[in-house]
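Reader: Hi! Could you walk me through a couple of spots in this one?
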Amino acid sequence: MRKTILSVILGIAVIVGSILISKFIVDSKENRRPQPKKVVKTVFVDTVENTTVAIKVPANGNLVAKNRVELYAEVQGVLRKGSHLFKTGQSYSARQTLIKIDASEYYATVQSAKSELYNLITSVLPDLRLDYPEHFSKWQGYVSNFDLNKTTPLLPEISSEKEKFFITGRGVFSAYYNVKNLEQRLSKYTIAAPFSGVLTETLVTEGTLVRAGQKLGEFIKPDVYELEVAISKSYADFLNVGEEVTLHNLGKTKTYTGKVVRINGRVDQASQTITTFIEVSGERLKEGQYLEANLNAKNEDNAIEVDRALLTENNQIYVVRDSILDLIDVSPIYFSDKKVVLKNVPNGETIVSRPVVGAYSGMLVKVYAGASQEKVSK
């Protein structure tokens with residue numbers, strides 16, 4: 001019995017001791033968690049000054065040579081070798097032979113017709129000398145200067161009705177115009193360069209049988225190009241022919257200056273856009289090259305231009321008033337890729353110029369003093 005009582009007393013003592021030790025440990029532990037400090041964010045601001053903002057409409061397209069010729073065959077024959085190989089990238093000077101089609105057979109036909117004309121006029125001379133001696137000398141001179149290897153010269157000028165009836169009755173005019181028709185068709189066997197340029201497409205090679213109506217290639221003048229762009233009809237009234245346009249390549253490493261040369265008078269029904277043509281020149285420009293343009297569409301008075309990231313979904317922007325953020329309503333006029341043109345922003349208002357993470361109306365902020373405030377007008 002004594003042992004049982006002793007065990008109970010010992011157990012109670014251990015429990016009480018454990019509680020006292022635990023309380024001592026808890027009371028002796030220091031609270032090392034730091035008190036949170038109030039963070040005041042630093043913001044960048046600008047002072048508003050409304051002014052006239054030039055709205056630039058972005059557009060893009062591919063360059064097309066202003067002077068270009070699609071080469072087609074009007075006759076049939078075998079393509080012969082010219083002064084240069086008929087290959088893409090080959091340059092030609094003005095009036096240099098681009099394409100030469102074998103015309104041996106047709107040339108013989110032309111020579112035969114010219115010979116018949118020569119013989120016909122020669123047979124007329126004796127009768128002309130007897131009946132109209134006053135006209136004989138000019139026709140004799142025509143025959144004397146007639147060269148079968150050269151282009152048929154013009155017939156002598158008719159100076160009287162009798163001479164006209166006499167020459168017409170002998171069939172001289174019909175024979176002459178038949179020869180000129182054959183010579184005109186013979187000239188189509190050779191195609192000369194209309195200007196100095198380069199071949200950009202070739203569809204045949206030497207020895208190919210060319211058929212009438214077949215496309216042979218394309219030839220361009222690589223100095224002046226046109227950029228075709230589609231502009232929203234809402235800005236059509238602000239575009240003018242002759243207006244200068246700034247162009248740049250996709251990487252924005254090259255800048256060019258173009259000029260609006262034509263504006264289509266019809267609105268595309270599907271896209272509701274108007275096609276505008278911009279002329280540009282440059283040594284390193286190539287046909288098919290992609291360029292972006294900025295057209296001066298209109299000038300908006302009493303407006304400012306800011307980053308799009310500063311405009312909230314409710315068409316509001318943040319301003320700073322006594323180190324407190326506040327929201328004001330604005331009227332967006334035009335959106336570009338990175339900028340937005342705003343109206344109804346009071347002059348002298350201090351607006352936030354860079355986005356603030358977690359911003360809200362009533363937020364305590366500190367204005368960045370490392371740089372002077374700039375006036376927003378642009």
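Reader: Is Arg211 buried, partly exposed or exposed?

Author: Arg211 has 48% relative accessibility, so it counts as partly exposed (buried is under 20% relative accessible area, exposed over 50%, partly exposed in between, with a 1.4 Å probe and protein chains only). This is a predicted model, where local features need pLDDT of at least 70, side-chain atom pairs count only at pLDDT 80 or more, and totals for chains, interfaces and linings use all residues. Residues are numbered from 1 along each chain as its sequence is written, and side-chain values use heavy atoms, leaving out hydrogens and water.

Reader: Which residues does Arg211 touch?

Author: Leaving aside residues up to four places away in sequence, Arg211 touches Ala73, Val75 and Gln76 (contact means heavy atoms within 4.5 Å).

Reader: Switching topic: which residues of helix 5 are buried?

Author: In helix 5 (residues 172-186), the buried ones are Val172, Tyr176, Val179, Leu182 and Glu183. They fall within an arc of 125° seen down the axis, so they line one face of the helix (the arc is that of the directions from the helix axis to the C-beta atoms). Helices are DSSP runs of H or I, at least four residues, numbered from the N terminus.

Reader: And what is on the face turned away from that buried side?

Author: That face of helix 5 carries the exposed residues Ser174, Tyr177 and Asn181.

Reader: Nice. What do the buried residues of helix 5 pack against?

Author: They pack against helix 2 (104-131), helix 3 (136-144) and helix 4 (161-169).

Technical notes: Helices (H or I, at least four residues) and strands (E, at least two) are DSSP runs, numbered from the N terminus. The expected span of a helix is 1.5 Å times one less than its number of residues.
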